[in-house]
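Please look through the structure before reading on.

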Amino acid sequence: MGLNREGFERLLREKGLKVTAQRTAVLSALSREADSHLTAEEIYELVKVKSPEIGLATVYRTIQLLLELKIIDRIYLDDGYVRYELGHVYEDEDSHHHHHLICVKCGRVMSFQGDLLEEFEKRMEEKTGFQIQDHDVKLYGYCTDCLQKENV
C-alpha cells in the first residue's frame, strides 16, 4: 500500500486536482499508517508534525475531497468513530478489496485481503437483478493475543 510522493502527485493530477502540500500530507499519513484506520483527528495529529501550520478544518476538507474522488474510503468499526484508509486503488489487482477482523476483547482491528464474496455477489445479481457496487465485511472474534491470555 505504500505510494511515494510522486505516486500521490500523479494520482491527484489524474483526478484533475492541484497538488498541494496538504493533500500530499494527508495521503502520506494514511499510507504510513495503512493498518491503523485513522480518525480525522489522528490524521491531523500526524500531519501537523511536519506541517504545523495546517488546521484541522483543512484536514477535514481534504478528507472530504479525497472521499468524493474515491481516493480514500470511510469505514466504521463499531467504536463510535469515523475512520479513513486509502481506497481500493492501492490494493492488488487480484483482490476486490480488504476486510476487517475485530477482536471483541481488546478492540484490535486487522485487515485481511481477499474477495470471498465474489461468487455470492454474482449469484445475487443473477437472482435478483440487483447490481452490487461494493460490500463491507467485518468479522468479530478473538485475536491471537487475547486467545493466548485466556489459555495461560
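Helices here are DSSP runs of H or I with at least four residues, numbered from the N terminus. The model is predicted. A search of the whole structure gives 0 disulfides, while the count of salt bridges comes to 7.

- Arg-13 and Glu-9 form a salt bridge through their side chains, at 3.9 Å from N to O.
- The two residues are 4 apart in helix 1 (residues 5-14), so about one helical turn separates Arg-13 from Glu-9.
- Arg-13 is exposed, at 52% relative accessible area, whereas Glu-9 is buried, at 16%.

**Network around Arg-83**
- Salt bridges link Glu-42, Asp-79 and Arg-83 in a network.
- Between Arg-83 and Glu-42, the closest N and O atoms are 3.5 Å apart.
- Because Arg-83 lies in strand 2 (residues 82-86) and Glu-42 in helix 3 (residues 40-50), this pair ties together parts that are 41 residues apart in sequence.
- In the salt bridge of Asp-79 with Arg-83, the closest N and O atoms are 2.7 Å apart.
- Arg-83 is buried, with 11% relative accessibility; Glu-42 is partly exposed at 33%, and Asp-79 is partly exposed at 34%.

**Cysteines**
- A disulfide requires two cysteine sulfur atoms within 2.5 Å.
- The cysteine sulfur closest to that of Cys-106 belongs to Cys-103 and lies 3.7 Å away, too far for a bond.
- For Cys-146 the closest cysteine sulfur is in Cys-143, at 3.7 Å, which is also too far for a bond.
- Cys-106 is partly exposed, at 46% relative accessibility, whereas Cys-146 is buried, at 5%.

How values were computed: Residues are numbered from 1 along each chain as its sequence is written. This is a predicted model: local features need pLDDT of at least 70, side-chain atom pairs count only at pLDDT 80 or more; totals for chains, interfaces and linings use all residues. Side-chain values use heavy atoms; hydrogens and water are left out. Buried means under 20% relative accessible area, exposed over 50%, partly exposed in between (1.4 Å probe, protein chains only). A salt bridge is a side-chain nitrogen of Lys or Arg within 4 Å of a carboxyl oxygen of Asp or Glu.
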